[in-house]
Structures are given as structure tokens and as C-alpha cells.
Amino acid sequence: MKLAGLKSIENAHDESVWAATWVPATEARSALLLTGSLDETVKIWKPDDLILQRTNSGHCLGVVSVAAHPSGHFAASASLDSFVRVFDVDTNNTIATLEAPPSEVWQMRFDPKGTILAVAGGGSASVKLWDTATWNLVATLSIPRPEAPKPSDKNSSKKFVLSVAWSPDGKRLACGSMDGTISVFDVGRGKFLHHLEGHFMPVRTLAYSPTDPRLLFSASDDAHVYMYDAEGKTLIGAMSGHASWVLSLDVSPDGAAIATGSSDRTVRLWDIGMRAAVQTMSNHTDQVWGVAFGPAGGPGRLASVSDDKGISLYDYS
């Protein structure tokens with residue numbers, strides 16, 4: 001796989017762009033790109049030429065995460081204002097507004113079937129699960145502390161949960177914390193299974209392989225990307241190359257590569273088989289907070305967003 005720059009736009013938002021995801025195609029339209037910014041807006045883009053389709057305003061503080069439902073019909077945005085807004089992608093009508101206490105709404109993901117929205121609970125040291133049919137809170141998965149405290153732990157501090165990821169079969173949910181630990185849950189039983197150790201700094205992003213329900217990737221402020229057998233609790237690969245924090249990560253639809261974005265201002269493409277970076281893209285002039293591969297079945301696309309307020313789109317083959 002190789003990336004080629006397709007299009008970049010500067011000042012796509014008025015402030016830093018912290019989140020990006022793809023909205024799957026529907027019968028009526030092709031896939032769309034969704035971005036969220038500290039300027040309090042979510043923007044929807046026609047991806048091939050990065051033409052702005054519409055701007056969603058509804059938050060009163062910066063948007064930290066965006067997620068798209070597998071149907072392609074609706075999406076969600078999470079903000080520092082402690083609200084999650086669920087909206088119709090094509091009409092921008094608000095479907096639901098989910099409220100959480102301050103500092104308890106961070107990264108979020110819909111499960112593969114689209115029945116549950118998982119929201120990383122920040123300071124509550126938990127992940128909250130919302131039913132997408134009723135928009136009721138149906139479960140709170142609390143993260144136990146590891147038996148052995150880490151040097152970075154403060155005696156009274158709880159885990160601060162930053163990131164979540166669903167396994168491709170929807171049976172497992174992994175979440176990454178500020179202290180570097182990763183917690184894995186059996187969602188059907190609402191049961192904590194185990195911690196995955198290795199990182200010693202915040203785990204800002206996680207992603208399961210779409211082709212292997214056991215394979216989990218993590219990216220951390222320690223500048224490393226790890227591969228875990230999330231069922232066997234084993235670290236099976238470590239990849240390094242970024243000069244600073246790794247802020248974002250995504251896996252290609254075929255499971256053969258991952259892309260990462262870093263505060264070193266680069267996007268890197270990694271070959272999973274080689275467990276090495278095969279390409280570095282330097283389109284951005286500031287931290288890269290989001291990378292997202294386009295949906296399977298469409299043209300090969302990767303998008304990245306940054307503190308430089310810009311969006312870059314890449315083709316891959």
C-alpha cells in the first residue's frame with residue numbers, strides 16, 4: 001500500500017480540528033467525511049474534492065470526537081460542553097441529545113451493528129453505553145484499578161478514560177486510559193475481562209483489526225504503537241518511529257496497514273506484516289489529531305486533520 005496526496009485545504013475550520021470519521025454511503029449518496037473542531041462545529045464534506053456540504057452548530061464548546069452510525073444515516077458529536085449530539089447526516093436534524101457530567105464525554109464509537117453507542121467516560125473512569133433505538137443509558141462499564149499501581153499513578157486519582165474501540169464482532173470493547181492501561185470488557189455480560197499492559201503514558205486512540213477480532217492496536221503519548229492479542233492478553237508487536245506523541249490511529253479496511261497521526265506533525269503508514277513504517281507524509285504544520293480510512297468498498301482514501309485547522313486527503317492503492 002502506498003499513499004499519494006490527493007487534496008489539502010487550509011482553514012477548513014476556524015480552530016484546531018480534533019476529530020474525523022467517515023459516514024458510510026447510503027442508497028441515495030456516496031460516503032461523506034465528518035470533521036469536528038474546537039470552533040464548536042461539525043462539518044460534512046464531499047470527500048473526493050473536499051467540498052463543504054454543510055456545517056452543524058449545536059455545541060457551545062469544542063468538539064472532541066465524532067462517530068458515524070454503520071447505516072450512514074446519522075452520526076454523533078461529543079463536545080467539551082458535556083453533551084453528545086446525535087443528528088441526521090442528510091438533514092442535520094437533532095435526533096437526540098445525551099448529557100453527561102463535566103469531563104465525562106471523550107472518544108465514542110458505534111458498535112458494528114449500530115445498536116449501541118459507547119462513550120469514553122473521562123473522569124468517571126468508565127465507559128457508558130447508550131441504546132441507539134431509545135437513546136437511554138443501558139450500561140456503565142467501570143474500570144477497576146490494576147493491582148500494582150504504576151509510578152504515574154497518584155494515590156487518590158481515578159483512571160481517566162480517553163479512548164474506546166469495538167471488536168469487529170461487537171463482543172468486546174477496549175478502552176484506553178490516561179495512565180497507559182487498556183481495559184477489555186465482555187459487552188454482552190457487562191464484565192471486565194483484563195488489562196493490557198505496556199504503555200506508561202496516555203492511550204489516546206485504539207482500533208481493532210476489521211479482519212481479526214483478537215487483534216487490537218493502540219497509540220500512546222509514549223510515541224509507540226502496540227499490537228495486542230486482546231484475548232490472550234499478550235503484546236505481539238511494537239512499532240516506533242514517531243518523534244512525539246501518537247494522537248490518532250486507524251486500520252485499513254483490509255487489515256493490512258495502519259495509519260497514525262502524531263504531534264510530530266506527520267502521518268505515517270505502517271505495514272502490519274512488516275511491523276514497520278513504510279511512508280511518512282508531512283502535509284500538516286501542527287499536531288495531527290485524527291486519521292481515518294474511508295469505508296470498505298469505496299475508493300481507497302485516508303483523511304487526516306490537525307491543529308493547523310486543515311484537512312488532508314490521500315489516495316492509497
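User: Where is Met1 found?
Analyst: Met1 sits in the segment before β1. A strand here is a DSSP run of E with at least two residues, a helix is a run of H or I with at least four, and both are numbered from the N terminus. Before we go on, please note that this is a predicted model: local features need pLDDT of at least 70, side-chain atom pairs count only at pLDDT 80 or more, and totals for chains, interfaces and linings use all residues. Residues are numbered from 1 along each chain as its sequence is written, and side-chain values use heavy atoms, with hydrogens and water left out.

User: Why is Met1 called partly exposed?
Analyst: Buried means under 20% relative accessible area, exposed means over 50%, and partly exposed is in between (1.4 Å probe, protein chains only). Met1 has 36% relative accessibility, so it counts as partly exposed.

User: What does Met1 touch, not counting residues up to four places away in sequence?
Analyst: Its contacts, meaning heavy atoms within 4.5 Å, include Asp254, Ala257, Leu269, Phe293 and Tyr316. The C-alpha atoms of Met1 and Met274 are separated by 12 Å, although these two are 273 residues apart along the chain.

User: What makes β23 largely enclosed by the rest of the structure?
Analyst: Six of the six residues of strand β23 (residues 257–262) are buried, so the strand is largely enclosed. In a regular strand the side chains alternate between the two faces of the sheet. In β23 both faces are covered: Ala257, Ala259 and Gly261 are buried on one side, and Ile258, Thr260 and Ser262 are buried on the other.

User: How do you know that β22 and β23 are joined?
Analyst: Two strands pair if DSSP finds at least two bridges between them. Strand β22 (residues 246–251) and β23 run antiparallel and are joined by five bridges.

User: What joins β23 to strand β24?
Analyst: Five bridges do, and β23 and β24 (residues 267–271) run antiparallel. Here Ala259 stands opposite Leu269 in β24. This hairpin has four residues between its strands, and Arg265 in the turn has a positive phi of about 80°.

User: Why are β1 and β26 called edge strands?
Analyst: Let's begin with their sheet. Four strands form an open sheet in the order β1-β28-β27-β26, with antiparallel pairing. β1 (3–9) and β26 (288–293) each pair on one side only, and they are the edge strands. Between β26 and strand β27 (residues 301–306) there are five bridges in the antiparallel sense, and Val288 stands opposite Ser306 in β27.

User: Why are Trp106 and Phe160 called edge-to-face?
Analyst: Rings of Phe, Tyr and Trp (its six-membered ring) pair if their centres lie within 6.5 Å; planes under 30 degrees apart count as stacked, over 60 as edge-to-face and the rest as tilted. Trp106 and Phe160 are 5.5 Å apart centre to centre with 65° between the planes, which makes them an edge-to-face pair. Trp106 lies in the loop between β9 (94–99) and β10 (108–110) and Phe160 in the loop between β13 (137–142) and β14 (161–166), so the pair ties together parts that are 54 residues apart in sequence. Phe185 and Phe192 are also edge-to-face, at 5.7 Å and 70°. Phe185 is buried at 1% relative accessible area, whereas Phe192 is partly exposed at 25%.

User: How many aromatic pairs does a search of the whole structure find?
Analyst: The search finds seven. Ring pairs also link Phe74, Phe110 and Trp135 into a cluster.

User: What makes Ser79 buried?
Analyst: Its relative accessible area is 1%, so Ser79 falls in the buried class. Ser79 belongs to strand β7 (residues 74–79). Leaving aside neighbours within four places in sequence, its contacts include His59, Leu61 and Val105.

User: How many disulfides does the count come to?
Analyst: A disulfide is a pair of cysteine sulfur atoms within 2.5 Å, and by this rule the count is zero. Cys60 is exposed at 53% relative accessibility, while Cys175 is buried at 0%.
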